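Have the viewer open as you read.

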Amino acid sequence: MVYAAFILAAAIVVFLSVKLSEYVDLLDKTTNVSGAFIGGVLLAAVTSLPELFTSLSAVLLLRENSLVTGNILGSNLFNLAVLGICVAFMFRGFSRATVGKHFIWQLLTCLCVYALIALPVFIRFFPKLGYMSIVSPLIFALYVLSVFCTPKSEQAEEKAPTALSVKQIVFRFVAAAVLLVGMSIAITYVADAVADKLALGKTFAGALLLGVTTSLPELVSSIALCRRGNFNAAVGNIVGSNMFNFCILFLSDALGFRKGSASVYPFFRDGAAGMQTMLLLVLGAAAALFAVVLVLIKTRAPQKKLLGHVSALSSGSVMTAAYLLFLILSTTLV
């Protein structure tokens, strides 16, 4: 019964994610709002809400603050692997697509966040502002900066014919988003029940089941957008989702003030959670760095097709391999 519920919930999430990607593509083609903003802020916030609710549940209900960073970094690494798969398998479409130059700065901002998180992870007793780590408000500031740097509008190309008006598209987008949030929360709890049923270890179950199920909306919507040739919105969805996830660390740290609560940023030598966080931190930063190289080559040398193909295949493969390597190391070292 649990397995059937998991499959059904996953199927509904996939369907809603495909519809959301369709509405995002329509909004991009029928309005002057940039696809980067629609994908990187609106869609990214919607598809990242499962990570928000699971992280807040860990802090407020379970009082397991140390699980938050692993969940967020795991989802971010999976998101970059999704982008890597899309780019590697659809490298010809990626070479023909347009990708905004601002993604370079946003990905560099992601690397800055990884560097900030590394401070309390590798330095025990890192300074705090009261009960909150000093890095948390800095992470929030970087998220606000990334949203501010996202272009809000773009020159409209030739309007695509559609049977739906902009108001109808927006209404359907909002309705699908609300349903997706509800189903994403449901599938998270069902995934936890499946993990208990299969007697999986917490670390591996969190990385595989929880990380994948909370990132399922990003996976499906990004693949659907890439299949439509809208790589700009797809990259925006992944990068925006990762930045939104980092913002969740700030919220979790701000709410995790109860006496006796563990730090949101576990020290790398403190058990399985610390080791897992260290692995995700290093591999996530490496994947983000290759994403920077990918977008840099794409935007700086768009006319060099061979270089674009090679960079898409190589960078996409490395970004995917980083997540697979984490799964291997988390089962052997943790």
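Let's start where two helices touch: Glu-218, Ser-221, Ser-222, Leu-225 and Cys-226 in helix 10 meet Phe-231, Ala-233, Ala-234, Asn-237, Ile-238 and Ser-241 in helix 11. Contact here means heavy atoms within 4.5 Å. Sorted by class, this contact of helix 10 with helix 11 holds six nonpolar, four polar and one charged residues. The classes work like this: Ala, Val, Leu, Ile, Met, Phe, Trp, Tyr, Cys and Pro count as nonpolar, Asp, Glu, Lys and Arg as charged, and the others, Gly among them, as polar.

Before going further, the ground rules. This is a predicted model, in which local features need pLDDT of at least 70 and side-chain atom pairs count only at pLDDT 80 or more, while totals for chains, interfaces and linings use all residues. Residues are numbered from 1 along each chain as its sequence is written, and side-chain values use heavy atoms, with hydrogens and water left out.

**The overall picture**

The protein has 13 helices and two strands; these are DSSP runs numbered from the N terminus, with helices being H or I of at least four residues and strands being E of at least two. Of its 334 residues, 55% are buried, where buried means under 20% relative accessible area, exposed means over 50%, and partly exposed is in between (1.4 Å probe, protein chains only). Take the contacts between residues at least 6 apart in sequence: 85% of them join residues at least 24 apart.

On the bookkeeping side, axes are lines fitted to C-alpha atoms, for helices over the stretch in contact, and angles run from 0 to 180 degrees between N-to-C directions. Angles under 35 degrees count as roughly parallel, over 145 as roughly antiparallel, 65 to 115 as roughly perpendicular and the rest as oblique. The crossing of helix 10 and helix 11 is left-handed, a label used if the near helix is turned anticlockwise from the far one by less than a right angle, with right-handed used if clockwise.

Helix 10 has another partner in helix 1 (residues 2-30), and here the axes come within 8 Å and cross at roughly 45°. Helix 1 and helix 10 are therefore oblique to each other, and helix 1 passes helix 10 in a right-handed crossing. On the helix 1 side the contact includes Ala-10, Val-13, Val-14 and Ser-17, and on the helix 10 side it includes Leu-216, Pro-217 and Val-220. By class, the contact of helix 1 with helix 10 has ten nonpolar, three polar and one charged residues.

How do helix 6 and helix 12 pack, and at what angle? Their axes are 9 Å apart, and the angle is about 165°. Helix 6 and helix 12 are therefore roughly antiparallel to each other, and helix 6 passes helix 12 in a left-handed crossing. The class count for the contact of helix 6 with helix 12 is 20 nonpolar, three polar and one charged residues.

**Residues to click on**

Here are some C-alpha pairs to check in your viewer.

| Pair | Separation in sequence | C-alpha to C-alpha distance |
|---|---|---|
| Met-278 and Val-121 | 157 residues | 7.2 Å |
| Asn-232 and Gly-100 | 132 residues | 6.6 Å |
| Ile-123 and Phe-268 | 145 residues | 8.7 Å |
| Met-275 and Ser-330 | 55 residues | 8.4 Å |

Met-278 lies in helix 12 (residues 271-300) and is buried, with a relative accessible area of 18%. Leaving aside neighbours within four places in sequence, Met-278 is in contact with Phe-122 and Phe-268. Met-275 is also placed in helix 12, but counts as partly exposed at 26% relative accessibility. Over in helix 11 sits Asn-232, buried at 13%.

The loop between helix 6 and strand 1 holds Ile-123, which is partly exposed at 39%. Phe-125 is found in the loop between helix 6 (102-122) and strand 1 (128-129) and counts as exposed at 78% relative accessibility. Most residues other than glycine have a negative phi. Phe-125 has a positive phi of about 60° although it is not a glycine.
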